[in-house]
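Welcome! Please take a moment to look at the sequence and the model, and then let us walk through some of its features together.

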Amino acid sequence: MIYDAESKNTAWNNPDFRPDLAFAKLTEEMIVRLGAYGQEETFPAGVPLFTWGERQIDMFVVLEGQIDVSLRLVNGDSKVIANHRRLDFSGEFNLLTSQGSLVEARTVQESRLLRVPRRELSKLMRAEGDIANLVTSAVAWRRIGMLGEENAGITLRGLANDAEVTVIQRFLVRNSYPHRIVEVHAEEGPLLNDGLSNPESTLPEAILFDGRILHRPTITQLADELGITELPDPEMIYDVTVVGAGPSGLAAAVYAASEGLCTIVIESTASGGQAGTSSKIENYLGFPTGISGQRLANRAQLQALKFGVRIAISRQTITAEQSNGIHKLTLAGGIPVYSRSVVVASGAQYRKLSVDNYSQYENCGIFYAATAMESMFCREKEIVVVGGGNSAGQAALFLSGIAKHVHHIIRGKSLASTMSQYLISRLESSSRISLYTQAEIVKLEGDPYLEYVTWTNRETGESIVKPIGTVFVMIGAEPNSGWLFGTVRLDKKGFILTGGTDGFESTPYATSLPGMFAVGDVRSNSVKRVASAVGEGSVVIADVHRYLADHRNNFPAEPNSALAALRSVNAATTPEDAAPSHRL
C-alpha cells in the first residue's frame, strides 16, 4: 500500500506522520500564480522526471495525469510511496537544498505538468508566502515519512558498541538520512566479511544502493557518496557567510536572507550545534512543554532554507583571510568561499575529563549528547552524568526515564549557581537520580569497552566504584576557534573578543577584523543559552547591514578583480558601486 491522494491510504510506518501535511494539495488559485514561475509541458507515460541522487531537481505540479514517486530501498530495489494527481506537486526535503534526491518521480500516463525550475522556485519561495509555507511543510513531512520506512536508505554494518559506528550513525540521524543498523558480533565477522582474516579492519561498512561497500568511511567520504554534501559556489561572492549552523548561526542566516542578503552557512557536520544534541529544552520562549534540540534545529534549518539560505555541509573551515575588502574562507580540501562579511557562529564543544584511557572509550562508553540514539545504550543500566549546567541536568532527567539509575557527578558544592531552579527541583525529587557533589571521576576501566567507573569525593577522599559502561560528559565548553588564530583577537581561553576597543567598531559583536562578527558560544563573555544565541544571531545582522552600507565603496565592482586579488594576482579594483552578489 502506498500513499494515494484520493484514498488517503499510506503505509509509512511512523505513528506521528501527518499525510494531510505531507501531501496537501495546491488550490486552483495557487496554480494560476504558479504559472508565472513555470512552464507547462506534456510528458508521455513512463518518463522519469528526476531520479535518485540527482541534485537541483525542479518541482512538477500535476495539471492532468499522474506521477508515481519511488523510494530506493536498502537492497537496491525501489518502492512506490506516493501517487501525485491533479493539484499535487513533486519533491521532498531536497527540493529546498542541493542534496541528492532520495526519490525518483516518473509519469504513469501521459501527463500535463507545470514545471517550476529551481532558479524560479527560489523566487517563488520569497514572493508567494502561502505557497512557500505549504511547500516547506510538505517536503519536511515527506522526509519524516521516509525515515519511517524500515528498508529505506543505506545499511550500516558494524561491531556492537563500536565508536566508528556511533559517529556515522549520529551523522546520518542528525542529517535525517534514512538508514538501518546491522550489528555484527566478533565471532560472526569472518562470515559477514567474506572470509577476510581480520574483519575488524574493514568494519564498519556502509552498503550503498548500488551494492558498493565503503569500508570504514570517513564522514566526508560518506557524505559525498550519499549526496549529503553541499559545497559553496567558488565563483560567487556572498553578502554574508555564516560559519556554524547552531542556533546563533541559523538565526543570523534567517534574518540575513529574509532581508535580502545573499547568504551561505558553512557547517562541518549537521545543523543544530551543541543545542541540537539536547534531549529537551524547556525554558525556550514559545515552547511551554519543551522541545528537543534536534527538532528545534530542524525547524530553524527549514526556516533558513525557505528564505533561500544555502547551507554547505560536510567541510570544516580551515583558514580565514581578508584582501581588498573581501573575505576568503578556505574549507577542508582547499575549497574557497568568498564573502563581503562573515558571521562566526562556530560555537563550542564539551571539555574532556583528565582521566587515563579516556580517549579509548569516546563514543563507545563516553558520550557528549543525550538524545534518543545514545539512550539505547542505557536501558535498564546504571549510568553516570557529569556536569552542573542545564545540559547535564536535562540529560540526567531524560535518561532517568530509561536507565536503571543515574549517578550525577559535579565538582561544585551545589547546583544553585550553574543550573536553572526548575531542573534542580526535578533532580532532587527523582528517586532514580543520585547527586554527588564535590566529586570527580578518577578511573575508567574495561577492555575493549568501558566496564567500571570510579569517582572520588574531593573533600573526604572517599571513592565509589560502580560497574558502569556509559558516561555522559557535559563539563563546560571549549571554543571552536582554532581556525581563527592569528586572524582575530582571542581571550586567554580562545573565545573571540568583540566590541569596543577589542573590535573595529563599538558593537557587541564586531571582531578585530573589519567585516567579521562573532555571535553565540564562541564569543567571549556570551551567555551560554539557546535563547541568547538566537538573539545574538538575529541582532548581529543589523551590524552587518551597517557595515555593508558603510563600506560599499570599498568593495570591488567586478568580482573577477576581487577573486584575483585574493589569489595573489594583480587586478584593478576601482569600484563605483557594489552589487549584492556576483557570479563569475
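**A walk through the model**

Asn357 counts as partly exposed because its relative accessibility is 44%. Another asparagine is worth a look here. Asn525, in the loop between β29 (516-518) and α13 (530-550), also has a positive phi of about 70°, although it is not a glycine. With a relative accessible area of 74%, Asn525 is exposed.

Before going further, please keep in mind that this is a predicted model. The protein chain has an average pLDDT of 88, and 89% of the residues score at least 70. Over residues 7-11, however, the pLDDT is below 50, and this stretch has twelve contacts in the model beyond near neighbours in sequence. Residues 190-197 also stay under 50, with ten contacts beyond four places in sequence. Where pLDDT is low, the predicted coordinates should not be read in detail.

Now let us turn to a sheet. Four strands form an open sheet in the order β10-β9-β11-β12, and their pairing is mixed. Strands β10 (179-184) and β12 (213-215) stand at the edges with a single partner strand each, so one side of each has no neighbour in the sheet. On average, neighbouring strands here are turned by 20° against each other, direction ignored. Looking at one pair, β9 (residues 154-159) and β10 run parallel and are joined by six bridges. Leu159 has Val184 in β10 as its bridge partner.

Helices lie across these strands too. Helix α5 (residues 163-174) lies across β9 and β10, running at about 155° to β9. Helix α7 (residues 219-226) lies across β9, β11 (205-207) and β12, and runs at about 165° to β12.

Our last stop is a pair of helices. The axes of α3 (residues 118-127) and α4 (residues 129-147) come within 6 Å and cross at roughly 115°, which means that α3 is roughly perpendicular to α4. In their contact, Leu124, Met125 and Ala127 of α3 meet Gly129, Ile131, Ala132, Val135 and Thr136 of α4. These residues divide into six nonpolar, two polar and no charged.

Technical notes:
Residues are numbered from 1 along each chain as its sequence is written. This is a predicted model: local features need pLDDT of at least 70, side-chain atom pairs count only at pLDDT 80 or more; totals for chains, interfaces and linings use all residues. Side-chain values use heavy atoms; hydrogens and water are left out. Two strands pair if DSSP finds at least two bridges between them. Helices (H or I, at least four residues) and strands (E, at least two) are DSSP runs, numbered from the N terminus. Axes are lines fitted to C-alpha atoms, for helices over the stretch in contact, and angles run from 0 to 180 degrees between N-to-C directions. Contact means heavy atoms within 4.5 Å. pLDDT is the predictor's confidence in each residue, from 0 to 100. Angles under 35 degrees count as roughly parallel, over 145 as roughly antiparallel, 65 to 115 as roughly perpendicular and the rest as oblique. Ala, Val, Leu, Ile, Met, Phe, Trp, Tyr, Cys and Pro count as nonpolar, Asp, Glu, Lys and Arg as charged, and the others, Gly among them, as polar. Buried means under 20% relative accessible area, exposed over 50%, partly exposed in between (1.4 Å probe, protein chains only).
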